[in-house]
Amino acid sequence: MLTRNCLSLLLWVLFDGGLLTPLQPQPQQTLATEPRENVIHLPGQQSHFHRVKRGWVWNQFFVLEEYMGSEPQYVGKLHSDLDKGEGTVKYTLSGDGAGTVFTIDETTGDIHAIRSLDREEKPFYTLRAQAVDIETRKPLEPESEFIIKVQDINDNEPKFLDGPYIASVPEMSPVGAYVLQVKATDADDPTYGNSARVVYSILQGQPYFSIDPKTGVIRTALPNMDREVKEQYQVLIQAKDMGGQLGGLAGTTIVNITLTDVNDNPPRFPKSIFHLKVPESSPVGSAIGRIRAVDPDFGRNAEIEYNIVPGDGGNLFDIVTDEDTQEGVIKLKKPLDFETKKAYTFKVEASNVHLDHRFHSAGPFKDTATVKISVLDVDEPPVFSKPLYTMEVYEDTPVGTIIGAVTAQDLDVGSSAVRYLIDWKSDGDSYFTIDATEGTIATNELLDRESTAQYNFSIIASKVSNPLLNSRVNILINVLDVNEFPPEISVPYETTVCENAKPGQIIQIVSAADRDLSPAGQQFSFKLSPEAAIKPNFTVRDFRNNTAGIETQRNGYSRRQQELYFLPVVIEDSSYPVQSSTNTMTIRVCRCDSDGTILSCNVEAIFLPVGLSTGALIAILLCVVILLAIVVLYVALRRQKKKDTLMTSKEDIRDNVIHYDDEGGGEEDTQAFDIGALRNPKVIEDNKIRRDIKPDSLCLPRQRPPVEDNTDIRDFINQRLQENDVDPTAPPYDSLATYAYEGNGSVADSLSSIESLTTEADQDYNYLTDWGPRFKVLADMFGEEESYNPDKVT
């Protein structure tokens with residue numbers, strides 16, 4: 001810094017002393033230094049135009065930044081050709097920093113900088129100069145504009161604005177592989193000197209990386225750098241100005257470089273043989289063990305695929321890759337049986353999923369290990385010989401008949417006996433039983449196929465040595481049908497025959513149904529009963545297809561002679577034993593037209609007069625029914641009204657005696673007493689406290705002698721009257737009001753003289769006058785009576 005300041009001072013002395021002059025003025029100075037021509041009227045001269053040469057002169061156009069001198073820094077000098085040194089010219093300065101940064105001597109035109117300047121803050125200032133006459137204040141020269149530049153010095157070091165940097169490069173990259181480009185910025189003037197010319201170098205990070213000193217590009221410097229050996233590198237980069245020469249300023253930054261992984265390592269099993277122990281009870285599809293091959297690579301380059309090499313036991317097992325841990329999970333494909341085979345051996349191969357062809361020359365990217373599985377014996381439940389048992393039984397089978405058996409065995413080494421039982425939850429009605437030792441199933445109740453055609457329940461087999469180990473199997477029992485129900489006509493038919501029917505005419509086709517489970521090909525036969533076959537009016541024609549037709553045997557039928565015919569039809573089935581039934585069909589005779597269309601089947605129509613149709617008869621009957629209903633309703637309402645009146649008058653008859661001339665407790669003293677209670681000698685009175693007197697204490701309920709059923713009412717009332725007379729707490733059932741208590745809330749207390757301790761002669765009623773105007777009349781009455789008493793001695 002001292003050298004720089006000395007150099008700046010030397011340059012200033014040379015320029016300021018006139019020893020050096022600029023060879024070429026700056027572009028901004030051309031306008032001021034070139035001669036200008038103006039037409040000016042000078043005093044005392046003839047008023048004609050002539051050219052006058054005018055021009056600005058100054059000695060310096062630059063000012064050094066960061067000037068630290070004690071005196072203001074000299075910038076330059078302004079001078080007009082009209083200034084003869086007589087003090088008649090005044091120089092003024094305006095523009096950027098005029099008066100605050102730069103000052104001018106109004107007489108000499110010298111310009112000084114009064115404070116230190118920073119080029120990085122403001123590189124130049126634009127000012128305007130003016131020369132005026134002191135006396136007339138008129139400008140002698142046109143106003144000129146010039147620029148003062150701040151001359152740069154090397155006062156800023158290079159800076160890495162984007163640092164610290166993070167970069168990555170694949171491992172095993174060749175020498176010179178591109179990593180990153182760094183850039184440092186110097187705030188100094190790049191057009192002046194070497195203050196802003198930066199050179200890059202590595203202070204820390206050799207011999208792994210190098211940097212271009214001019215461009216700042218970082219590259220690898222060593223071949224085959226292995227991520228598995230070292231993954232992270234920290235490189236310290238320096239940027240120095242002044243072209244890296246002595247005295248230049250420097251800045252540093254850190255570059256963190258990571259070697260990214262490539263698939264340059266194959267997976268390897270840590271051991272050649274893996275031993276696994278698997279219980280024979282392991283369910284199919286469950287994971288029975290894990291093995292792992294180690295791959296030092298990272299991410300997708302370390303993804304491993306496992307395969308079972310075909311061989312002994314390979315078809316019983318499968319292996320898949322755990323995506324999170326990259327382990328090989330061995331799963332069971334088929335159930336194991338210790339009693340059948342106790343050990344299995346197979347090989348597993350591990351290989352990379354994503355291969356890098358650049359490293360194929362290093363060898364195959366896979367490895368093989370042997371897996372040995374030992375099957376462990378487990379105490380297992382009994383095993384049934386079938387997964388489902390199906391049995392058949394006839395519905396008329398006697399109770400206790402064996403219909404089948406189930407078999408279960410203990411397949412463990414130490415075989416145990418097996419016991420059987422029926423699951424009561426599936427056979428809650430106990431239609432069947434099972435022998436606990438033999439496993440035979442027998443009927444426990446008579447079966448009915450028409451009620452339940454199939455039974456489905458479970459049988460449990462458990463080991464005697466360990467009853468908790470049990471297994472179950474489903475039993476399906478089909479109930480076979482026995483021909484026990486005769487066939488019947490399937491649906492009730494409404495058979496009709498026309499009065500004009502001809503012999504041999506089919507008037508109805510009938511079919512039969514059997515509640516038994518009819519086997520395929522069963523046939524029903526139809527015929528007349530033997531008693532109806534003699535002189536029949538109708539006959540039955542069997543069509544041999546489980547249907548038959550009702551056929552007429554007469555030429556015409558008369559409704560007046562017989563409206564209904566009853567035809568007994570015998571139906572038989574073809575099962576064993578043969579069942580038959582007689583079904584009586586009702587045939588109604590109807591009036592039909594010539595085409596056989598039924599016109600009327602009602603017998604009443606025969607006796608109706610001509611012209612009166614069935615619809616008219618129905619309307620007449622309907623009107624009669626409505627009239628009868630109105631009459632019945634009217635009579636019922638009259639009876640109900642009369643009954644309500646009698647009941648109301650009867651219910652309202654009560655013997656009530658109510659007194660309102662007492663001053664007691666208000667409406668509580670007006671409770672009516674139902675004299676009907678006295679008409680029942682069996683009424684037992686509750687212990688109630690009288691409401692018309694103030695109770696003193698709670699008294700125990702009194703004992704009343706029982707009253708005989710045939711006691712006279714008068715004796716009964718007298719007895720109760722005596723009991724109430726002697727009992728002060730008895731309720732007023734005889735409605736005798738008591739005036740000894742006036743009720744609650746009276747400020748005057750009681751006005752009655754009952755139970756008074758003094759006589760009327762001893763009473764002093766003067767206090768009534770103190771109760772106010774409301775008791776004035778009462779006070780006057782008692783006061784006059786007291787004064788008028790002739791017995792009183794005055």
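Residues are numbered from 1 along each chain as its sequence is written, and side-chain values use heavy atoms, with hydrogens and water left out. Because the model is predicted, local features need pLDDT of at least 70 and side-chain atom pairs count only at pLDDT 80 or more, whereas totals for chains, interfaces and linings use all residues.

Helices (H or I, at least four residues) and strands (E, at least two) were taken as DSSP runs numbered from the N terminus, and two strands were regarded as paired if DSSP finds at least two bridges between them. By these criteria, four strands form an open sheet of mixed pairing, in the order β10-β16-β15-β12. Strands β10 and β16 (residues 250–260) run parallel and are joined by six bridges; tyrosine 165 stands opposite valine 255 in β16, and isoleucine 166 has asparagine 256 as its bridge partner. Strand β15 (residues 232–240) runs antiparallel to β16, with nine bridges between them, and here glutamine 234 stands opposite asparagine 256.

A search of the whole structure finds two disulfides, defined as pairs of cysteine sulfur atoms within 2.5 Å. With bonded cysteines counted along the chain, the disulfides follow the pattern 1-3, 2-4. In one of them, the sulfur atoms of cysteine 498 and cysteine 592 are 2.1 Å apart, and the torsion about the S-S bond is about -80°, so this disulfide is left-handed. Cysteine 498 lies in strand β34 (residues 495–498) and cysteine 592 in strand β40 (residues 580–592), so the pair ties together parts that are 94 residues apart in sequence. Cysteine 498 is buried at a relative accessible area of 14%, as is cysteine 592 at 12%, where buried means under 20% relative accessible area, exposed over 50%, and partly exposed in between (1.4 Å probe, protein chains only). The disulfide of cysteine 590 and cysteine 601 has its sulfur atoms 1.7 Å apart, and a torsion of about 110° about the S-S bond, so this one is right-handed. Cysteine 590 is buried, at 0% relative accessibility.

The structure holds 15 aromatic pairs, counted where rings of Phe, Tyr and Trp (its six-membered ring) have centres within 6.5 Å, with planes under 30 degrees apart taken as stacked, over 60 as edge-to-face and the rest as tilted. Among them, phenylalanine 317 and tyrosine 344 form an edge-to-face pair, at 5.5 Å centre to centre and 75° between the planes. This pair links distant parts of the chain, with phenylalanine 317 in strand β20 (residues 317–321) and tyrosine 344 in strand β22 (residues 343–352), 27 residues apart. Phenylalanine 317 is buried at 2% relative accessible area, and tyrosine 344 is buried at 8%.

A charge was taken to sit over a ring if NZ of Lys or CZ of Arg is within 6 Å of the ring centre and within 35 degrees of the ring normal. Lysine 122 lies over the face of tyrosine 125, at 5.3 Å from the ring centre, and the charged end of lysine 342 sits over the ring of phenylalanine 338, 4.8 Å from its centre.
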